[in-house]
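I opened this entry to keep a record of what I looked up. The model comes next, then my notes.

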Amino acid sequence: MTEIDAKTDALVPAWLHLPDIAEMLDVEVTRVRQLVKEGQLIAVRRGENRTLQVPAAFIDGDRVVKGLSGTLTLLRDDGFTDEEMLEWLFTPDPTLPGTPAQALGENRGTEVKRRAQALAV
């Protein structure tokens, strides 16, 4: 769990609180916290009350977006911080097109992971 600057915060179009994610996934809040701890989700402290929030783009209906966990692992292995991962995932890339987070949500995870792997080179 991390704090992010205003620039990175502004890149993410929508955020969800952990209890809302738990309801969407039909699990306890402790399970969502575990997903964050395991690196399958990124949560940051935001807002007036500094509550933990996750980008809404990371949740697809009743599950975590396919390919997100593997992409986060690749970026983390490349030395990215949580803030840097959010910046990369939510910065538009005209060659993709859209953002890597949008591409994951559209089931284009293979291309996103390829680009994440290329960052290490």
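What share of the contacts in the protein with a separation of 6 or more comes from residues 24 or more positions apart? I found 58%, with contact meaning heavy atoms within 4.5 Å.

Basis. I worked on a predicted model, where local features need pLDDT of at least 70 and side-chain atom pairs count only at pLDDT 80 or more, while totals for chains, interfaces and linings use all residues. Residues are numbered from 1 along each chain as its sequence is written, and side-chain values use heavy atoms, with hydrogens and water left out.

Overall form. I noted seven helices and six strands, taken as DSSP runs (helices H or I, at least four residues; strands E, at least two) numbered from the N terminus. Along the sequence they follow β-α-β-α-α-β-β-β-β-α-α-α-α. The radius of gyration, taken over C-alpha atoms, is 14 Å, which agrees with the value near 14 Å for a compact globule of 121 residues; the globule rule is 2.2 Å times the number of residues to the power 0.38. The C-alpha atoms fill a box of roughly 35 × 30 × 25 Å along the principal axes.

Surface. I recorded 38% of the 121 residues as buried (under 20% relative accessible area; exposed is over 50%, partly exposed in between; 1.4 Å probe, protein chains only). The accessible surface is about 6,700 Å², and 50% of that belongs to carbon and sulfur atoms.

Thr99. I found Thr99 in the loop between helix H5 (82-90) and helix H6 (100-105). Is Thr99 buried or exposed? Thr99 counts as buried because its relative accessible area is 9%. Leaving out residues up to four places away in sequence, Thr99 touches Leu89, Phe90, Thr91 and Pro92.

Ala118. I located Ala118 in helix H7 (residues 109-118). Its relative accessible area is 43%, so I logged Ala118 as partly exposed.

Note on methods: Areas by Shrake-Rupley, 256 points an atom, 1.4 Å probe, with all protein chains shown as cover.
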